Amino acid sequence: MIDLSPVDRAPDRTVLRSAGGFTWFYVDLVDDRGNGATVIWSWGLPFLPGYASAARAGRPQLPIERPSVNVVVYQGGRERFYLLSELPPDECDWSADGRSWRLGGCTFDWTDEPGTAHAAPIRTLRAELDLALPTGGRARGQLRLSGALRHDRLGGRDASVEASTHLWTPMIAAARGTLELRTPVGELRVEGRGYHDRNSAAQPLHSLGIRNWWWGRIALGGRDLVFYQLIPSDAGAAPRGFVVELAADGSCRSCEVTQLQVGRLRRSTWGLSWPESVRFLDPDGLPVEAEVAALLDNGPFYQRFLLRGRCGDEEGYGLGENVVPGRIDTDFLRPLVRMRVHRAAGPNSMWLPLFSGDSVGRWGRLLSRSAHVRA
């Protein structure tokens, strides 16, 4: 179902032409008050309308044909800004050296500098964001994240050998980052602990044997703790899980777990089950508890949570998610998903202004929109 991949063995840009495959780059930030942000740039994002259904029908599309950028800001346990933009392929590219990207008006790049003495290299991610809003105007801003590059000998299977595996590659954690975003409504800023990873597979997400996964990242002191549990589609197969500790100096330890201890299960209006808390042991055997402080995104196949975690005297916030790949892009749910995706080249759902942009004034923008939602 998944391979925890070393940083230097991550898949390259050839995945862009793997039918039905995907690759996404993920950043999240969270401050000491629980405010947060996520930025995702991707090709073949499985959540885009029509992508998974085309693969199920035997007509898989190429990731290079479906680029997108997603920016979300949370304040006070609620969504403050949301935009998922699908962009024209001819306006997007991935550099030959694999270290910079252009998606529409957005640019992303990595630079590495040697660490002091025998320390890990310092990777700095810089992003310039410039995205059209569905009802006019633009969201512009900057993302900065800098931290020690993860170094270890985890994983071990090459992407070319296990082509059907979802490769998960944590790269930077326990780092500092800042997102500044300017919109027609005002300015948003999140500064805090940052995390950066990438995910990729040469096959559709729903075909990898994953019934659902529960993932979370908690910022504690000078380290981040990440838990990741996957439940297989095969009822006779055992769950697979990781607990990964990523320190500020780039050092990384992990252990596999067969089952996370979960608290009372709750059920959403969409029928998704999710636990109020999760308990596990860190690599030193110390008990950790992560509880859901707020439900930030509650969809039919995807949920995102604000987490509050503790281990001994350490406490901190983080983000978590619950994903059910088999529900993605079904015929019944696709019209609902289109309400959350802005296609820069159109057409778009008439309800898009109600679910995109600043949370402030969405109803007014919906009611005063022009005859069509503008690109």
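# Notes on charge pairs, rings and strands

1. Let's start with aspartate 224, which counts as buried because its relative accessibility is 0% (buried is under 20% relative accessible area, exposed is over 50%, and partly exposed lies in between, with a 1.4 Å probe and protein chains only). Please keep in mind that this is a predicted model, in which local features need pLDDT of at least 70 and side-chain atom pairs count only at pLDDT 80 or more, while totals for chains, interfaces and linings use all residues. Residues are numbered from 1 along each chain as its sequence is written, and side-chain values use heavy atoms, with hydrogens and water left out.

2. What does aspartate 224 meet in a salt bridge? Its partner is the side chain of arginine 193, at 2.4 Å from N to O (a salt bridge needs a side-chain nitrogen of Lys or Arg within 4 Å of a carboxyl oxygen of Asp or Glu). Aspartate 224 belongs to strand 14 (residues 223-232) and arginine 193 to strand 12 (residues 187-201), so the pair ties together parts 31 residues apart in sequence. Helices (H or I, at least four residues) and strands (E, at least two) are DSSP runs, numbered from the N terminus. Arginine 193 is buried as well, with a relative accessible area of 13%.

3. The structure holds 31 salt bridges. Among them is a 2.9 Å contact, N to O, between the side chains of glutamate 79 and arginine 362. Glutamate 79 sits in strand 5 (residues 78-86) and arginine 362 in helix 3 (residues 362-367), so this pair ties together parts 283 residues apart in sequence. Glutamate 79 and arginine 362 are both buried.

4. Glutamate 291 and arginine 308 also form a salt bridge, and their closest N and O atoms are 2.9 Å apart. Glutamate 291 counts as partly exposed at 23% relative accessibility, and arginine 308 counts as partly exposed at 28%. Elsewhere, a salt-bridge network links Arg223, Glu245, Arg253, Asp282, Asp284 and Glu314.

5. Now to the rings: how many aromatic pairs does a search of the whole structure find? There are 22 (rings of Phe, Tyr and Trp, the last by its six-membered ring, pair if their centres lie within 6.5 Å; planes under 30 degrees apart are stacked, over 60 edge-to-face, and the rest tilted). One of them is the stacked pair of phenylalanine 22 and tryptophan 24, at 5.2 Å centre to centre with 20° between the planes. Phenylalanine 22 and tryptophan 24 are both buried.

6. Tyrosine 195 and tryptophan 215 make a tilted pair, because their planes stand at 50° with the ring centres 5.7 Å apart. The pair links tyrosine 195 in strand 12 with tryptophan 215 in strand 13 (residues 210-220), 20 residues apart. Tyrosine 195 is buried, as is tryptophan 215.

7. A ring cluster takes in Phe25, Trp41, Trp43, Trp94, Trp101, Phe108 and Trp110. Over the ring of tryptophan 110 sits the charged end of arginine 123, 4.2 Å from the ring centre (the cut-offs are NZ of Lys or CZ of Arg within 6 Å of the centre and within 35 degrees of the ring normal). Likewise, the charged end of arginine 340 sits over the ring of tyrosine 82, 3.7 Å from its centre.

8. Nine strands form an open sheet with antiparallel pairing, in the order 16-15-14-13-23-22-21-20-17 (two strands pair if DSSP finds at least two bridges between them). Strand 16 (252-257) and strand 17 (261-262) are at the edges with a single partner strand each, so one side of each has no neighbour in the sheet. Strands 13 and 14 run antiparallel and are joined by 10 bridges; isoleucine 210 has proline 232 in strand 14 as its bridge partner.

9. Strand 9 (residues 122-132) pairs with strand 10 (residues 138-148) in the antiparallel sense over 11 bridges. Arginine 126 stands opposite arginine 144 in strand 10. The hairpin of strand 9 and strand 10 has 5 residues between the strands, and its glycine 136 takes a positive phi near 105°. Strand 10 also runs antiparallel to strand 11 (residues 166-182), with 7 bridges joining them.
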